[in-house]
Amino acid sequence: MLILSRIFHTNEEIKEMGKVILKGFIVVPEDELNIVSKALEKHVALTRQEPGCLVFNVNQRSHSPCYFDVYEEFSNNNAFEHHQRRVTASEWGRITINVERHYEVWHTEND
């Protein structure tokens with residue numbers, strides 16, 4: 001299940017915008033926790049190498065190990081959309097097919 005809150009803009013408006021920020025959490029099924037946890041390190045490393053990735057943090061909650069807090073910043077919408085496409089087609093995307101995603105995404109204004 002993907003819960004995504006997003007404000008929709010025209011293509012011209014998006015070109016004028018600055019960073020894209022995603023914040024939220026994922027919930028991993030308990031029986032998949034081991035495999036997802038093992039794949040997370042590679043996923044984070046690959047994402048941080050992507051052009052336009054400014055911040056990418058995924059942290060497991062100590063009091064609820066099936067919950068991982070997610071915070072991402074990309075330099076622009078193109079970099080964010082590239083990341084989304086890459087993740088969907090990646091090993092991480094296949095491994096986390098049953099993970100619940102609860103995110104908010106917003107664009108900042110260019111200075």
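Leaving aside neighbours within four places in sequence, histidine 43 is in contact with Phe56, His83, Arg86, Val87 and Trp92. Histidine 43 is part of helix 2, and the model that contains this helix is a predicted one. The chain has 111 residues, of which 39% count as buried. Its secondary structure consists of four helices and five strands.

**Overall layout**

- Read along the sequence, the elements follow the pattern β-α-β-α-β-β-α-α-β.
- Among contacts between residues at least 6 apart in sequence, 75% join residues at least 24 apart.
- The accessible surface of the chain comes to about 7,100 Å². Carbon and sulfur atoms account for 52% of that surface.

**Helix 2: geometry**

- Helix 2 covers residues 33–48.
- At 1.5 Å a residue, the 16 residues of helix 2 should span 22 Å, and this agrees with the 22 Å between its end C-alpha atoms.
- Helix 2 also has a kink of about 30 degrees, centred on leucine 40.

**Helix 2: buried residues**

- The buried residues of helix 2 are Leu33, Val36, Ala39, Leu40, His43, Val44 and Thr47.
- An α-helix has 3.6 residues a turn, so residues three or four places apart point the same way.
- The partners against which the buried residues of helix 2 pack are strand 3 (53–60), strand 4, helix 3 (77–88) and helix 4.
- Leucine 40, on which the kink is centred, is itself among the buried residues of helix 2.

- Histidine 43 has a relative accessible area of 6% and counts as buried because the cut-off is under 20%.
- Phenylalanine 56 lies in strand 3, and it is buried with a relative accessible area of 2%.
- Leaving aside neighbours within four places in sequence, phenylalanine 56 is in contact with His43, Val44, Thr47, Arg48, Tyr71, Glu72 and His83.
- Alanine 45 and phenylalanine 56 are eleven residues apart along the chain, and their C-alpha atoms are separated by 9.1 Å.

**Salt bridges**

- The structure holds four salt bridges, including the pairs described below.
- Glutamate 73 forms a salt bridge with lysine 19, with 3.0 Å between the closest N and O atoms. This pair links distant parts of the chain, with glutamate 73 in strand 4 (residues 67–74) and lysine 19 in strand 2 (residues 17–27), 54 residues apart.
- Glutamate 73 is buried, at a relative accessible area of 12%, whereas lysine 19 counts as partly exposed at 30%.
- Lysine 42 and glutamate 91 meet through their side chains in a salt bridge of 3.5 Å, N to O. Lysine 42 lies in helix 2 and glutamate 91 in helix 4 (residues 91–95), so this pair ties together parts that are 49 residues apart in sequence.
- Glutamate 91 counts as partly exposed, with 39% relative accessibility.
- Aspartate 69 and arginine 61 form a salt bridge with an N to O distance of 2.8 Å.
- Both residues of that pair are partly exposed: aspartate 69 has 31% relative accessibility, and arginine 61 has a relative accessible area of 22%.

**Cysteines**

- How many disulfides does the structure hold? The structure holds zero disulfides.
- A disulfide is a covalent bond between the sulfur atoms of two cysteines.
- Cysteine 53 is buried, with a relative accessible area of 14%.
- Cysteine 66 is buried too, at 17%.

How values were computed:
Residues are numbered from 1 along each chain as its sequence is written. This is a predicted model: local features need pLDDT of at least 70, side-chain atom pairs count only at pLDDT 80 or more; totals for chains, interfaces and linings use all residues. Side-chain values use heavy atoms; hydrogens and water are left out. A disulfide is a pair of cysteine sulfur atoms within 2.5 Å. Buried means under 20% relative accessible area, exposed over 50%, partly exposed in between (1.4 Å probe, protein chains only). Helices (H or I, at least four residues) and strands (E, at least two) are DSSP runs, numbered from the N terminus. Contact means heavy atoms within 4.5 Å. Accessible areas come from the Shrake-Rupley method with a 1.4 Å probe; for residues, only the protein chains shown count as cover. The expected span of a helix is 1.5 Å times one less than its number of residues. The bend at a residue is the angle between axes fitted to the seven residues ending there and the seven starting there.
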